[in-house]
Amino acid sequence: MLGIEEHNQPGELEPVQRKSTAAIVADQLRAAIMYGSLAPGSQLGEAELAARLGVSRGPLREAMQRLVAEGLLRSEPHRGLFVMTLDTEDVDDIYLARLAVERAACVQIVRHHRVEAVAELTAAQSRMVAAAGKGDPIELADADQEFHETLVRVSGSPRLQRMAQTLLVEKRMCLTALQDKYHADVQALVDEHKGLVDAIEAADEELLLARLEGHMTDAQHRLGGSMTG
């Protein structure tokens with residue numbers, strides 16, 4: 001009946017959520033773009049990709065169209081699909097959008113999900129500390145990304161999560177392309193994330209938003225400077 005919502009009781013069995021083949025392929029392509037296996041500007045050969053992934057062309061085409069919609073691939077008439085390339089203007093725009101998304105997430109966290117956020121983000125920040133101690137820049141970048149994915153997820157907004165996903169992939173594309181030039185202050189990076197967790201734990205929304213903006217601005221300048229340097 002319209003207007004009536006059904007709610008599952010605790011412990012009630014629910015249908016298992018299964019990803020479609022196209023969704024799985026989209027995840028693999030997204031990761032390949034993020035880690036540079038599919039380099040910026042490279043053309044995607046449909047037959048070759050279908051063979052490498054072991055899938056038919058139907059799900060592959062659907063997956064690629066998803067990535068076109070996300071802005072990670074571009075379609076050129078009569079030529080095919082290409083991985084997007086990013087420049088300094090793109091970096092500025094990525095961080096403008098990331099700040100808006102994560103700012104909104106932080107407001108929701110402080111007002112509605114603080115306890116859960118502190119627990120999950122403390123664990124995520126601990127993984128950053130461990131990665132920093134190993135001196136592994138890729139593991140540290142993975143842990144950094146996981147922290148921000150967690151930050152948006154615990155806000156409880158699926159739409160913020162969808163927006164953040166593409167932005168974080170684009171940021172990682174830049175880091176991968178600049179891995180020989182980009183050098184972050186590891187301790188400062190770890191400390192900045194600890195400062196975000198501390199502000200959430202203190203329920204200090206103003207401090208949290210100020211620290212988030214400072215963190216984003218610093219990251220934007222480091223990344224943009226590496227692209228022009």
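# Close-up views of a predicted model

Glu62 has a relative accessible area of 42% and is therefore partly exposed (buried means under 20% relative accessible area, exposed over 50%, and partly exposed in between, with a 1.4 Å probe and protein chains only). The structure is a predicted model, in which local features need pLDDT of at least 70, side-chain atom pairs count only at pLDDT 80 or more, and totals for chains, interfaces and linings use all residues. Residues are numbered from 1 along each chain as its sequence is written, and side-chain values use heavy atoms, with hydrogens and water left out.

View A. Helices (H or I, at least four residues) and strands (E, at least two) are DSSP runs, numbered from the N terminus. Arg66 is partly exposed, at a relative accessible area of 31%.

**View B. A salt bridge joins Glu46 to Arg57.** Here the side chains meet at 3.5 Å, N to O. Glu46 is in helix H2 (residues 46–53) and Arg57 in helix H3 (residues 57–70), so the pair ties together parts that are 11 residues apart in sequence. Both ends are partly exposed: Glu46 has 22% relative accessibility, and Arg57 has 40%.

**View C. Asp142 and Arg172 meet in a salt bridge.** The N to O distance is 2.8 Å. This pair links distant parts of the chain, with Asp142 in helix H6 (residues 137–153) and Arg172 in helix H7 (residues 158–177), 30 residues apart. Asp142 is partly exposed at 29% relative accessibility, whereas Arg172 is buried at 4%. The structure holds 16 salt bridges.

**View D. Thr150 is a buried residue of helix H6.** Its relative accessibility is 5%. Neighbours within four places in sequence aside, Thr150 is in contact with Glu120 and Leu121 (contact means heavy atoms within 4.5 Å).

**View E. Strands S2 and S3 run antiparallel and form a hairpin.** Four bridges join S2 (residues 73–76) to S3 (residues 80–83) (two strands pair if DSSP finds at least two bridges between them). Leu73 stands opposite Val83 in S3. Three residues lie between the strands of the hairpin, where His78 takes a positive phi near 65 degrees.

**View F. Lys19, Asp27, Arg30 and Arg66 are among the residues that line the second largest pocket.** A pocket is an open set of points, on a 1 Å grid over the protein atoms alone, where a 1.4 Å probe fits, with protein on both sides within 12 Å along at least five of seven lines; lining residues have an atom within 4 Å of a point. The space in this pocket is about 230 Å³, a volume being the space filled by probe spheres set on the grid points, which are joined across faces, edges and corners. Also in the lining are Ala23, Ala26, Ala31, Met34, Gln165 and Val169. Helix H1 (21–34) and H7 are the elements that give two or more residues to this lining, and H1 gives the most, with six. By class, the lining has five nonpolar, one polar and four charged residues. Ala, Val, Leu, Ile, Met, Phe, Trp, Tyr, Cys and Pro count as nonpolar, Asp, Glu, Lys and Arg as charged, and the others, Gly among them, as polar.

Technical notes: Salt bridge = Lys/Arg side-chain N within 4 Å of Asp/Glu carboxyl O.
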